[in-house]
Each structure stands twice: as C-alpha cells, then as structure tokens.
Amino acid sequence: DGLIVHHSRDTAEKQYAETIVLALEGVRRVLSHFSEESGVEAFAPLAYSMLLQIQDTIRSLNAETSGAAIRTLVDLMRIPASAQLFKVEGTLMTTSALPVSAGAATTSVWVLGWSVLW
C-alpha cells in the first residue's frame, strides 16, 4: 500500500548519518587498494585528507558516524603503507587542523592517525 521505511532510517538525519558511514567505508576501501598499487608518496596525501575528514567526523555528536570514523581510522592505520615514512611537504606543512611535528622532515600516516585521537 505504501513505502515501508526501516525504523532506523526514518529521518533525514539518520539517512545522512548512514550516507557518511558508507562514504567513509568506501573511501577507506579505495585507499587500501590504491596503496597497494602506488607508493607511500602518492598514498600519504590522500590518507592525510581522509584523516582530516575522520577527525571532523569523530568530533560530531552522532554516535553512528563517530563510531564509523573510528573504525575507519583503525582500518586506515592497518594498511601497510601507513607505517612507511614519507617526506613532509606542501599542504602537510601548512595545515593546522592536523599538524605535523615541528621540524619533522618525515612522518607516517600511522603517526598522524594517532594525533587524530589526541
């Protein structure tokens, strides 16, 4: 007779939260596969952008999206390329949202991932 909507997605806010969750998971999967084919130099700037989004999402007041962001962070940090050092240059040197240690010539996505939580 009518459209049946699952009770857990019956508002625009809940649908938006689910969209964020799916986007985080999808981008993490793409980065994981991309890191296998590219080197850390190509992977690191993309992972850094993802870390900025994860940081913002963790700080949101929505438990569903914050939880998904933390799971994505853990998965991102498990990617082998995340542990590899890369040169700090360009945007990473000037962005204050997720600063790299002063004077650091190299860092890793893994180190930056921990700073998301602090």
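**A walk through the helices and their core**

Asp-75 has a relative accessible area of 28%, so this residue counts as partly exposed. The cut-offs for such labels are simple: buried means under 20% relative accessible area, exposed means over 50%, and partly exposed lies in between (1.4 Å probe, protein chains only). The model is predicted: local features need pLDDT of at least 70, side-chain atom pairs count only at pLDDT 80 or more, and totals for chains, interfaces and linings use all residues. Residues are numbered from 1 along each chain as its sequence is written, and side-chain values use heavy atoms, with hydrogens and water left out.

Which residue pairs with Asp-75 in a salt bridge? The partner is Arg-28, and the closest N and O atoms of the two are 3.6 Å apart. A salt bridge here is a side-chain nitrogen of Lys or Arg within 4 Å of a carboxyl oxygen of Asp or Glu. By that rule, the count is one salt bridge. Arg-28 belongs to helix H1 (residues 12-37) and Asp-75 to helix H3 (residues 63-78), so the pair ties together parts 47 residues apart in sequence. Arg-28 is buried, because its relative accessible area is 18%. Side chains of opposite charge can pair when their charged atoms come close.

Now step back to the whole protein. It has five helices and two strands. Along the sequence they follow the pattern α-α-α-β-α-β-α. Helices (H or I, at least four residues) and strands (E, at least two) are DSSP runs, numbered from the N terminus. Of the 118 residues in the protein, 36% are buried. The protein exposes about 7,400 Å², and carbon and sulfur atoms supply 60% of that area. These areas come from the Shrake-Rupley method with a 1.4 Å probe, where for residues only the protein chains shown count as cover.

Take the contacts with a separation of 6 or more: residues 24 or more positions apart account for 58% of them.

Start the tour at H1. This helix has 26 residues and reaches 38 Å from its first C-alpha to its last, close to the expected 38 Å. The expected span is 1.5 Å times one less than the number of residues in the helix. Several H1 residues are buried, among them Ala-17, Ile-20, Leu-24 and Leu-31. The buried residues of H1 pack against H2 and H3. Thr-19 also sits in H1. At 47% relative accessible area, Thr-19 is partly exposed. Thr-19 and Thr-65 are 46 residues apart along the chain, yet their C-alpha atoms are separated by 9.2 Å.

H2 comes next. It has 19 residues and spans 25 Å between its first and last C-alpha, close to the 27 Å expected. Its buried residues include Phe-43, Ala-47, Tyr-48, Leu-51 and Ile-54.

What lies in the core? The largest nonpolar core holds 26 residues. Such a core is a set of buried Ala, Val, Leu, Ile, Met, Phe, Trp, Tyr and Cys residues joined through side-chain atoms within 4.5 Å. Those with the most contacts inside it are Leu-24, Phe-43, Leu-51, Ile-54, Leu-76 and Val-109. H1, H2 (40-58), H3 and H5 are the elements that give two or more residues to this core. H2 brings the largest share, eight residues. Look at Leu-51. Leaving aside neighbours within four places in sequence, its contacts include Leu-73, Leu-76, Leu-98, Val-109 and Val-116.

Move on to strand S2 (residues 106-107), where Thr-107 is found. Is Thr-107 buried or exposed? Its relative accessibility is 7%, so Thr-107 counts as buried. Not counting residues up to four places away in sequence, Thr-107 touches Gln-84, Leu-85, Phe-86, Val-88, Val-100 and Leu-112. Val-100 has its place in the loop between helix H4 (91-94) and S2. Val-100 is buried too, because its relative accessible area is 16%.

End at helix H5 (residues 109-117). Trp-110 and Trp-114 both lie there, four residues apart, about one turn of the helix. The structure holds one aromatic pair. Trp-110 and Trp-114 form it, edge-to-face, at 5.9 Å centre to centre with 75° between the planes. The rule is that rings of Phe, Tyr and Trp (its six-membered ring) pair if their centres lie within 6.5 Å; planes under 30 degrees apart count as stacked, over 60 as edge-to-face and the rest as tilted. Trp-110 is partly exposed at 39% relative accessibility. Trp-114 is partly exposed at 36%.

Note on methods
Contact = heavy atoms within 4.5 Å.
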